Amino acid sequence: MDINAAAVEAASSELYIDLIRMNNKQLRTYRLVALDFVHRLLTSRQFTDKLHGIQDTTEINAGLSSSTESLLTAIATLSSQQDKLSSLGHLETEIAQRAWKQSIQLAYNVLDDVNNIMGQSMFVKTVTRLLGHRDLKVRRKVMALANTKLREFDIKRTGKDSPVIDTVLEMIVPIASIAGQTENADLDANESREFLACKQTALLCIATASKKFAALRPSIFTPIVKMISCEESLGTSNPVIASAALVALSVLCSELGSRLIPSLPQYLPSVLKHLHVVVSRYKKANADDLALMISALSAMQAIVENMSAFLAPSLPPLFACLFSPSLRMHADDIENNGSEDSSVIGNTSDVDGTETLPLGKGSGNSGAGNISIVLLREQATKLVDDVLLALARNIPARQLIPA
């Protein structure tokens, strides 16, 4: 039964809650109850049946887009508050922290509900709009949302030629532009860290989208290589951002192959530069350095396997890195002590070289940190051998011998 505007207004006045007079506990309870109610409403059968019966959803999608921004802003605020409480460590704050954690989880549930209802076109418009949001945390979270949408996209259901794919991919170029942004000198330490996290998330989105769609829509993704090969992305000295850019490049090279040959001079020097830098300090390398090395080797392997005919000028510096004495000495150590190490660190196949590390982790002195570095070193050593095998398979012997 329809409820008229007068009845809604009357109900609102009766249910009015004076938030200003509430104490902290009451506010936490109110927030939990409100979020839980919205979650139950959006997932109820009655609500979804009514929604599917509406022909013109323009106004609804606009409201859902606005709700997405509000929820992302709320999640960013709640997360910051939870971080502050976790640093205090008192019993009272632990109780409050659990309430904040529940609120964040419920807010994410509502966000999922909203985006499940929202149309693809409005979702893309919302993401594109929020990429320019004043709060860097909101920008990062909306890109994480986009990454989830890209990862879960079902091509089998829509079909490879579906216009829905083209609609979803409209947000890729705006996301890629984030990866090439220059940091503002006025940012404080926290803002600078969040800015770098935004770039890392943007590059993760590119890698995810490239893996799923690049071979289907090469015209969209081929220009992306130039965008991420800039000095602020692939050319940066920040090992975490460079690692993320190399991961994206590796996927693009694997999916697009020879289409990226014209852009080879733009990205190959940066790959070799990162490889040379991390090999030169391999003995004292921390986790960020080793992740950078793994990403560079993965990218190099993809380049060799897809563009081997154009690598002759780059073979001498590449072999200088791959046959560096420090690398080979460590490889021999692993061979000699492999059984002893494996009993401590487990199976090295669990290490995923395509994942970027949290910003600023570096190397640690803890046992877990040392084990992580051992795992990364083993992964790097394996990738060195994989690149050499790729060279042997794809480069003619007459080019390999002089190198």
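Predicted model: local features only at pLDDT ≥ 70, side-chain atom pairs only at ≥ 80, totals over all residues.

Q: What does tyrosine 267 touch, leaving aside residues up to four places away in sequence?
A: The contacts of a single residue show which parts of the chain come together around it. For tyrosine 267, the list consists of Val225, Ser229, Leu234, Leu249, Cys253, Leu260, Ile303 and Met307, once residues up to four places away in sequence are set aside.

Q: How many salt bridges does the structure hold?
A: A salt bridge pairs a side-chain nitrogen of Lys or Arg with a carboxyl oxygen of Asp or Glu, and the structure holds nine of them. In one of these, the side chains of glutamate 69 and arginine 129 meet with 2.8 Å from N to O. Glutamate 69 belongs to helix H4 (residues 58-86) and arginine 129 to helix H6 (residues 120-130), so this pair ties together parts that are 60 residues apart in sequence. Glutamate 69 is partly exposed, at a relative accessible area of 23%, and arginine 129 is also partly exposed, at 41%.

Q: Which parts of the chain does the salt bridge between glutamate 194 and arginine 140 tie together?
A: To answer this, one takes the distance and then asks where each partner lies. The closest N and O atoms of glutamate 194 and arginine 140 are 2.3 Å apart. Because glutamate 194 lies in helix H11 (residues 189-213) and arginine 140 in helix H7 (residues 136-152), the pair joins parts that are 54 residues apart in sequence. Glutamate 194 is buried, with a relative accessible area of 12%, whereas arginine 140 is partly exposed, with 23%; the cut-off for buried is under 20%.

Q: How many disulfides does a search of the whole structure find?
A: A disulfide is a covalent bond between the sulfur atoms of two cysteines. In this model the search of the whole structure finds zero. As for individual cysteines, cysteine 198 is buried, with a relative accessible area of 3%, and cysteine 230 also counts as buried, at 18%.

Q: Which residues of helix H10 are buried?
A: In helix H10 (residues 172-179), Ile172, Ile175, Ala176, Ile178 and Ala179 are buried. Around the axis they cover an arc of only 145 degrees, which means that they lie on the same side of H10. These buried residues pack against H7, H11 and helix H12 (218-228).

Q: How many aromatic pairs does a search of the whole structure find?
A: Aromatic pairs are read from the distance between ring centres and the angle between ring planes, and the search finds two of them. Phenylalanine 153 and phenylalanine 213 form an edge-to-face pair, 5.4 Å centre to centre and with 70 degrees between the planes. This pair links distant parts of the chain, 60 residues apart, with phenylalanine 153 in the loop between H7 and helix H8 (155-158) and phenylalanine 213 in helix H11. Both phenylalanine 153 and phenylalanine 213 are buried. Phenylalanine 319 and phenylalanine 323, by contrast, form a stacked pair, 5.7 Å centre to centre and with 5 degrees between the planes. Phenylalanine 319 is buried, with a relative accessible area of 13%, while phenylalanine 323 is partly exposed, with 45%.

Notes
Residues numbered from 1 in each chain as written. Heavy atoms only, no water. Contact = heavy atoms within 4.5 Å. Salt bridge = Lys/Arg side-chain N within 4 Å of Asp/Glu carboxyl O. Helix = DSSP H or I, 4+ residues; strand = E, 2+ residues; numbered from the N terminus. Buried < 20%, exposed > 50% of the residue type's maximum accessible area, 1.4 Å probe, protein only. Disulfide = S-S within 2.5 Å. Arc of directions from axis to C-beta. Phe/Tyr/Trp six-rings, centres within 6.5 Å; stacked < 30°, edge-to-face > 60°.
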